[in-house]
Amino acid sequence: MKLYHGNAVSLIDKIKDNSIQSIITSPPYFCLRDYEYPQQIGLEDQVEDYLTKLIQIWNTAKNKLKDDGLLFINIDDTYYYPRPGETKIWGMNANGDKRPGIKKHNEYRKSSLMAVPQKLIIKMIESGWIFRQQIIWQKPNCMPESTTSRFTRDYEAIFMFSKSENYKFNQLKEDMKTEDLSNPRGSNGTTKQSGRRNEENKKTEYTRNMRSVWSINNVCSSNNNHYATFPAELARRLILCSTDEKDTVLDPFSGSGTTLKVAKQLNRHGIGIEINSKYVELAEKNINDLFTKVEIIKEECI
Ligand SMILES: C[S@@+](CC[C@H](N)C(=O)[O-])C[C@H]1O[C@@H](n2cnc3c(N)ncnc32)[C@H](O)[C@@H]1O
């Protein structure tokens with residue numbers, strides 16, 4: 001396990017070319033949180049600057065990824081609520097966290113979503129990535145919202161990109177639901193057959209290819225001292241489908257180390273990059289709980 005402490009924009013290039021099987025990550029969302037470092041991503045004045053930095057990272061990452069590798073990006077959108085005037089003013093979000101105001105963008109009307117994930121997808125396609133799938137992470141325990149003018153948001157997206165048309169993908173299976181069993185439809189699920197069968201057979205008969213809407217509870221931030229972690233189950237599914245044992249997984253925004261910790265549990269190698277020393281320490285602690293030595297490499301400018 002290797003953890004680089006510094007800026008992903010420059011550090012990602014230190015990774016050996018063609019060495020990574022899967023990149024699983026959640027970059028900071030545009031203008032939602034302050035990660036307390038001047039070189040952090042997410043607090044650019046304009047959304048275009050934010051996207052340019054992300055694209056720069058993904059384009060360098062492409063060289064690091066094996067030809068049959070995959071890239072998964074968990075990213076969400078931001079509502080455009082500019083502060084009066086042009087200066088950034090700090091406000092509060094629904095959780096009571098400090099959140100930055102957004103600078104003026106003439107292309108949006110007030111209260112519009114900024115379509116940041118959609119813009120990112122288009123730029124990725126233009127940069128030569130193959131956009132293979134959108135996975136919906138549905139959160140049964142989503143944050144309640146008091147708004148009366150739209151529905152409560154209860155999901156985020158994970159975008160899956162490949163470098164080549166042929167890539168490593170281990171199909172995951174899930175149990176078929178009771179309603180599907182009463183009306184089974186062939187090809188991507190195995191249907192019920194007649195005759196006596198043992199429990200093990202029953203299990204394989206009632207499974208189907210995993211669907212792309214995943215209901216997974218969000219993790220409670222206060223449990224791990226990082227406010228924007230994704231659940232281990234999410235990382236587990238993405239690692240299992242895109243890698244085999246001993247493959248290497250990269251998370252260039254590793255935060256509390258969720259991806260790396262799960263990679264270790266699944267007997268994969270892991271490389272992380274994180275700008276905030278507090279989270280580097282947290283990730284080290286989380287991974288070391290599994291008796292693994294984490295090699296920490298610090299960027300000189302931090
Ligand atoms: C959404 S969080 C990732 C959380 C992670 N998935 C987890 O489960 O803990 C994004 C992380 O990116 C880090 N970050 C922000 N700008 C960065 C940069 N330029 N280089 C590396 N890390 C950065 C933040 O400090 C934050 O921990």
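**Close-up views of a predicted model**

View 1. A polar backbone atom of Gln-39 lies 3.3 Å from a nitrogen atom of the ligand. This is a predicted model. A polar backbone atom of Ile-275 is likewise 3.3 Å from a nitrogen atom of the ligand. Glu-274 uses its side chain instead: a polar atom there is 2.6 Å from an oxygen atom of the ligand. The ligand alone would expose 610 Å², and the protein buries 99% of that.

**View 2. Helix H8, end to end.** H8 covers residues 277-288, 12 residues in total. From its first C-alpha to its last, H8 reaches 16 Å. That is close to the 16 Å expected at 1.5 Å a residue.

View 3. Which residues of H8 are buried? They are Tyr-279, Val-280, Leu-282, Ala-283, Asn-286 and Ile-287. Seen down the helix axis, the buried residues of H8 fall within an arc of 165 degrees, so they line one face of the helix. Glu-281 and Lys-285 are on the other side of H8, and both are exposed. An α-helix has 3.6 residues a turn, so residues three or four places apart point the same way.

View 4. Gln-138 belongs to strand E6, which runs over residues 130-138. Is Gln-138 buried or exposed? Its relative accessibility is 19%, so Gln-138 counts as buried; the cut-off for buried is under 20%. The side chain of Gln-138 makes a polar contact of 2.7 Å with the side chain of Ser-215.

**View 5. Ser-10 in helix H1.** Helix H1 spans residues 8-11, and Ser-10 is found in it. Ser-10 has a relative accessible area of 38%, so it is partly exposed. Ser-10 and Thr-60 are 50 residues apart in sequence. In space, their C-alpha atoms are 9.4 Å apart.

**View 6. Tyr-29 in a loop.** Tyr-29 sits in the loop between strand E2 and helix H2, the latter at residues 47-64. With 16% relative accessibility, Tyr-29 counts as buried. How far apart are the C-alpha atoms of Tyr-29 and Gly-42, and what is their spacing along the chain? The C-alpha atoms are separated by 5.8 Å, and the residues are 13 apart along the chain.

**View 7. Asn-18, with a positive phi.** Most residues other than glycine have a negative phi. Asn-18 is not a glycine, yet its phi is positive, at about 55 degrees. Asn-18 is found in the loop between H1 and strand E2, the strand at residues 20-25. Its relative accessible area is 43%, so Asn-18 is partly exposed.

**View 8. Ala-115, also with a positive phi.** Ala-115 has a phi near 60 degrees, a positive value in a residue other than glycine. Where is Ala-115 found? Ala-115 is in the loop between strand E5 (98-100) and helix H3 (116-126). At 26% relative accessibility, Ala-115 counts as partly exposed.

Methods
Residues are numbered from 1 along each chain as its sequence is written. This is a predicted model: local features need pLDDT of at least 70, side-chain atom pairs count only at pLDDT 80 or more; totals for chains, interfaces and linings use all residues. Side-chain values use heavy atoms; hydrogens and water are left out. A polar contact is a pair of N or O atoms within 3.5 Å; within protein, one must be able to donate a hydrogen and the other to accept it, and residues adjacent in sequence count only if both atoms are side-chain atoms. Accessible areas come from the Shrake-Rupley method with a 1.4 Å probe; for residues, only the protein chains shown count as cover. Helices (H or I, at least four residues) and strands (E, at least two) are DSSP runs, numbered from the N terminus. The expected span of a helix is 1.5 Å times one less than its number of residues. Buried means under 20% relative accessible area, exposed over 50%, partly exposed in between (1.4 Å probe, protein chains only). The arc is that of the directions from the helix axis to the C-beta atoms.
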